[in-house]
Amino acid sequence: MDDNPKKLYRSRIDRKIGGVCGGLAQYFGIDATLVRLLFVLGLIFVGGTLLAYLILLIVIPEEPL
């Protein structure tokens, strides 16, 4: 059992708007630019990512100091 489980937070350092993409990238261990690109492409082609981003902005807590 892992004593220190991985938790999802909005990033305080790697943020452009609210830190959602930076936090997701940190959680999954990928580049934040890739996550931002996926959100933008989703916004252009699918249209639901703006709502998803706003929900994540409200639901995911900010990274502790």
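Aspartate 14 counts as partly exposed because its relative accessibility is 32% (buried is under 20% relative accessible area, exposed over 50%, partly exposed in between, with a 1.4 Å probe and protein chains only). This is a predicted model, so local features need pLDDT of at least 70 and side-chain atom pairs count only at pLDDT 80 or more, while totals for chains, interfaces and linings use all residues. Residues are numbered from 1 along each chain as its sequence is written, and side-chain values use heavy atoms, leaving out hydrogens and water.

So who does aspartate 14 pair with? Its side chain meets that of arginine 36 in a salt bridge, 3.0 Å from N to O (the rule: a side-chain nitrogen of Lys or Arg within 4 Å of a carboxyl oxygen of Asp or Glu). That ties the segment before helix 1 to helix 2, across 22 residues. Helices here are DSSP runs of H or I, at least four residues, numbered from the N terminus. Arginine 36, at 19% relative accessibility, counts as buried.

Stay with helix 2 for a moment. Ala32, Val35, Arg36, Phe39 and Gly42 are buried there, and they sit on the same side because they cover an arc of only 125 degrees around the axis, taken from the directions from the helix axis to the C-beta atoms. Leu38, Ile44 and Phe45 are exposed on the other side.

Back to the charges: the count comes to three salt bridges. Glutamate 62 pairs with arginine 12, closest N and O atoms 3.5 Å apart, and with arginine 15 at 2.9 Å. Shared partners join Arg12, Arg15 and Glu62 into one network.

Methods:
Helices (H or I, at least four residues) and strands (E, at least two) are DSSP runs, numbered from the N terminus.
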